[in-house]
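Please keep the structure in view while working through the numbered points.

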Amino acid sequence: MAKPGYRLALIATLLAVVVVLLGAYTRLTHAGLGCPDWPGCYGFLAVPMSEQAQSLAALRFPDAPVEVHKGWNEMVHRYFAGALGLVILALGVQALRRHAQPGQPVKLPLLLLAVVITQAAFGMWTVTLQLWPQVVTAHLLGGFTTLSLLFLLTLRLSGRRPAVRPIPARIRSLAMLGLLAVIAQVALGGWVSSNYAAVACTDFPTCHGEWWPEMDFANAFNLTHHDIGPNYLGGLLYGEARTAIHLTHRLGALTVALLLSTLSWQLWRNGLPRLAGLLLAALALQVGLGISNVLLNLPLAVAVAHNGGGALLLLVTVLINYHLHPSRETAVAPAARAQQTPDTLGGLDLPRA
């Protein structure tokens, strides 16, 4: 039976999916600076639409002319992100009120509240630091972290305990390694996006017709050489550095694919075919979307879907680890049920024969 707060956690998880996709759409439509201030837009609560409002916006931000469609892309993302923050606040308040109830998670909702507050700060810095790649990547990682933690909270409140079965420790370790690899690949994807390196290679599987083209890894991954201040819209790195970022992301994808394929096979062999199939399907979808981005020259719909595919793959690995690493409550449950006699099964006082 679902625990109190389950529906709210589920709504928050679905809302987080929307926020992640809207964030990708905002980046891909180059609308990250659609509003040059935060949290409003040119000093207004919404994008200035009237001639008078736009004239006032021009006086306030003479170096940032109003582009209505970009402004709305950014503001819609902020509205949904703000709504998500309020729902997570409600989850935190509920957790504190019900902290004495058995099985009520408290630390996880409070951690989520801390993460979403940090996310708000990164959202502000994304604008005020003019799409500084380090901040944009951290903001993207924060969004995926929020989604993953909400999904985990939803699983814990669902009341459905994963079946405890003897899974070898090496498979549990492989599942955790797979989760960490997906997180690292998401970070690489954020670095690709924030440095506008998605189209640095326009052919596949080679890059510029070569297996190992000229690349500049030193500048591509130097996290200290980017200065705060310039407008990073469109990126500032030159070709060889962007090629290095793009190719590293490809190599990361290959590593993740091999690792998760191995995990899927091990899950299948150990009696978890549904999890194995789900993992393989999510992996195949994401790989296909990534290749399509290159061959089709980054169409908007496919690029947004690729971000969604990354989120899906991350959630699937979270689900697998949830099943393979049962909590103390889950592990104790079978022993408790084994101690129940037919006379007390389900808490009913049944007469003896």
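1. The model is predicted: local features need pLDDT of at least 70 and side-chain atom pairs count only at pLDDT 80 or more, while totals for chains, interfaces and linings use all residues. Residues are numbered from 1 along each chain as its sequence is written, and side-chain values use heavy atoms, with hydrogens and water left out.

2. The protein chain is divided into domain 1 (1-160) and domain 2 (168-326), with bounds taken from an automatic or database domain assignment. Their C-alpha centres are 23 Å apart. The protein chain holds eleven helices and zero strands; these are DSSP runs numbered from the N terminus, helices being H or I of at least four residues and strands E of at least two.

3. How many residues of each domain are in contact? For domain 1 the number is 26, and for domain 2 it is 32, where contact means heavy atoms within 4.5 Å. The two domains bury about 2700 Å² between them, 75% of it on carbon and sulfur atoms; buried area is the accessible area (1.4 Å probe) that two parts lose on being put together, summed over both.

4. On the side of domain 1 that touches domain 2, helix 1 (6-28) and helix 5 (133-157) each supply at least two residues. Helix 5 gives the largest share, 13 residues. That side of domain 1 comprises 17 nonpolar, six polar and three charged residues; Ala, Val, Leu, Ile, Met, Phe, Trp, Tyr, Cys and Pro count as nonpolar, Asp, Glu, Lys and Arg as charged, and the others, Gly among them, as polar.

5. Three aromatic pairs are found in the whole structure; rings of Phe, Tyr and Trp (its six-membered ring) pair if their centres lie within 6.5 Å, and planes under 30 degrees apart count as stacked, over 60 as edge-to-face and the rest as tilted. One of them is the edge-to-face pair of Tyr42 and Phe61, at 5.6 Å centre to centre and 85 degrees between the planes. Tyr42 lies in the loop between helix 1 and helix 2 (51-60) and Phe61 in the loop between helix 2 and helix 3 (68-97), so the pair ties together parts that are 19 residues apart in sequence.

6. Tyr42 also has a positive phi, near 60 degrees, although this residue is not glycine. The loop between helix 1 and helix 2 also contains Pro39, and the peptide bond from Trp38 to Pro39 is cis, with omega near 5 degrees.
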